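Please read it beside the sequence and the coordinates.

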Amino acid sequence: MAVCDSKIANDFLLDCANKPVAGLETYAVLINRDDIDFDASTFDLTQKNIIKTLVLKTGKKGYQVQQMKNSFNGTMWEQVEGDYINGTKHVFAFVNPDRTAKGKELDGLLLNGKFVAVIVNQTAPDNGKFEVLGWNTGLKVPTAKHDYVQTSGVTVVTLASLEQEPDPPYPFFNTDLATTRTAFETLYATPV
């Protein structure tokens with residue numbers, strides 16, 4: 001949901017209780033974009049850029065991505081100049097450490113899929129702890145690399161919104177941090 005009013009309405013002040021710290025938690029969730037029920041998912045009615053409920057289609061689930069050291073390095077968003085309106089590019093960088101045949105199959109499936117990533121900020125206020133990348137256009141693989149020597153045999157993957165996203169990543173927050181964390185964990189729970 002795009003916020004079309006481009007007039008600022010808040011000060012840019014340091015929140016001393018939540019000082020900025022670089023880094024992400026050691027886990028994220030990657031979801032096949034087609035598995036999201038966008039009609040059932042909702043945005044907050046007051047703060048319209050917050051995804052309040054992220055609903056997956058029946059029988060679908062997201063998949064955990066675990067960070068190794070700083071393997072999420074490169075995860076970011078940046079402004080993109082458009083022909084008619086400016087937007088953003090979302091980037092989710094990670095490694096696939098699975099060197100089994102199943103891991104190689106996952107590498108191949110990543111090459112042609114379209115995804116949404118939910119990341120967890122290391123330090124942020126409750127309503128900014130979880131963020132959703134690729135909500136509107138999805139994330140695709142512009143680069144993937146498996147160097148048998150330089151990358152310790154893991155596959156280094158970059159997912160990026162190849163089409164312009166209208167906004168920075170949306171916060172994912174519902175009521176309080178505990179409720180939101182439960183909703184996040186439900187994304188990768190095996191459907192019953």
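1. In which loop does Asp 44 lie? Asp 44 is found between strand 2 (42-43) and strand 3 (51-53); helices (H or I, at least four residues) and strands (E, at least two) are DSSP runs, numbered from the N terminus.

2. On provenance: this is a predicted model, in which local features need pLDDT of at least 70 and side-chain atom pairs count only at pLDDT 80 or more, whereas totals for chains, interfaces and linings use all residues. Residues are numbered from 1 along each chain as its sequence is written, and side-chain values use heavy atoms, with hydrogens and water left out.

3. Asp 44 is buried yet has no salt bridge, and Lys 52, the nearest side chain of opposite charge, is 4.6 Å away. Buried means under 20% relative accessible area, exposed over 50%, and partly exposed in between (1.4 Å probe, protein chains only). For charge, Lys and Arg count as positive and Asp and Glu as negative, while His and the chain ends are not counted. A salt bridge requires a side-chain nitrogen of Lys or Arg within 4 Å of a carboxyl oxygen of Asp or Glu.

4. A polar atom of the Asp 44 side chain lies 2.8 Å from the backbone nitrogen of Gln 47. When neighbours within four places in sequence are set aside, Asp 44 is in contact (heavy atoms within 4.5 Å) with Ile 50 and Lys 52.

5. As to overall architecture, the protein chain holds two helices and 11 strands, in the order β-β-β-β-β-β-α-β-β-β-β-β-α along the sequence. Its radius of gyration is 17 Å, close to the 16 Å that the globule rule gives for 192 residues, so the chain is as compact as a globular protein of that length. That radius is taken over C-alpha atoms, and the rule is 2.2 Å times the number of residues to the power 0.38.

6. Of the 192 residues in the protein chain, 39% are buried. Among contacts between residues at least 6 apart in sequence, 66% join residues at least 24 apart.

7. How many salt bridges does a search of the whole structure find? The search finds four. One of them pairs the side chains of Glu 25 and Lys 129 (3.3 Å, N to O). This pair links distant parts of the chain, 104 residues apart: Glu 25 is in the segment before strand 1 (27-32), and Lys 129 is in the loop between strand 7 (115-120) and strand 8 (130-133). Glu 25 counts as partly exposed at 21% relative accessibility, and Lys 129 counts as buried at 9%.

8. Lys 102 is exposed at 51% relative accessibility; Glu 105 is partly exposed at 40%.

9. Glu 163 forms a salt bridge with Lys 140, with the closest N and O atoms 3.9 Å apart. Because Glu 163 lies in the loop between strand 10 (155-160) and strand 11 (170-171) and Lys 140 in strand 9 (residues 140-145), the pair ties together parts that are 23 residues apart in sequence. Salt bridges that share partners join Lys 114, Lys 140 and Glu 163 into one network.

Key: A polar contact is a pair of N or O atoms within 3.5 Å; within protein, one must be able to donate a hydrogen and the other to accept it, and residues adjacent in sequence count only if both atoms are side-chain atoms.
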